[in-house]
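Let's take a walk through this structure together, one neighbourhood at a time. Have the sequence and the 3D view ready.

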Amino acid sequence: MASANVVALTDDNFRTQVLESSKPVLVDFWAAWCGPCKMIAPIIDEVADATAGKAVVGKLNVDENRAIAAEYGIMSIPTLLVFKGGQVVDKAIGFKPKEELVKLLNKHI
């Protein structure tokens, strides 16, 4: 079950939810057909719960939101970008364990 702390991102809400956020934002770029994306999904939920109130965690389906995926040059998924102040400040590609993702995000909190 998806965490209530994970924001569903789209081409339409990306600017307000991510670029204009006062908190750091971890964005998971994913697709329904992607095996590693399915493996990391529960970890993304756990990271969202662990950092609730301190950071924002969102997921953007690259098949349904091609404009944002293209804008950030997403070529492999899952790709995880950390945004702070509207800028990409960190990046991870592929499956990562929870501890690594929490550490990645905590660097920017």
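Strands β2 (residues 25-30) and β3 (residues 56-61) run parallel and are paired over six bridges. Strands here are DSSP runs of E with at least two residues, helices are runs of H or I with at least four residues, and both are numbered from the N terminus. Two strands count as paired if DSSP finds at least two bridges between them. If you look along this pairing, you will find Asp-28 opposite Lys-59 of β3. To get from β2 to β3, the chain passes through helix α2 (residues 35-50), and this β-α-β crossover is right-handed. Right-handed means that, with the strands pointing away from the viewer, the path from the first strand over the helix to the second runs clockwise.

A word on the model: it is predicted, so local features need pLDDT of at least 70 and side-chain atom pairs count only at pLDDT 80 or more, while totals for chains, interfaces and linings use all residues. Residues are numbered from 1 along each chain as its sequence is written, and side-chain values use heavy atoms, with hydrogens and water left out.

Strand β2 has another partner: five bridges join it to β4 (residues 79-84), and these two strands run antiparallel. Here Leu-26 has Val-82 of β4 as its bridge partner. Five of the six residues of β2 are buried, so the strand is largely enclosed by the rest of the structure. Buried means under 20% relative accessible area, exposed means over 50%, and partly exposed lies in between (1.4 Å probe, protein chains only).

Now for the rings. There are three aromatic pairs in the structure. Rings of Phe, Tyr and Trp (its six-membered ring) pair if their centres lie within 6.5 Å; planes under 30 degrees apart count as stacked, over 60 as edge-to-face and the rest as tilted. Phe-14 and Tyr-72 make a tilted pair, 5.7 Å centre to centre with 45° between the planes. Phe-14 belongs to helix α1 (residues 14-19) and Tyr-72 to the loop between α3 (66-71) and β4, so this pair ties together parts 58 residues apart in sequence.

Phe-14 also forms an edge-to-face pair with Phe-83, at 5.6 Å centre to centre and 80° between the planes. Because Phe-83 lies in strand β4 and Phe-14 in helix α1, this pair ties together parts 69 residues apart in sequence.
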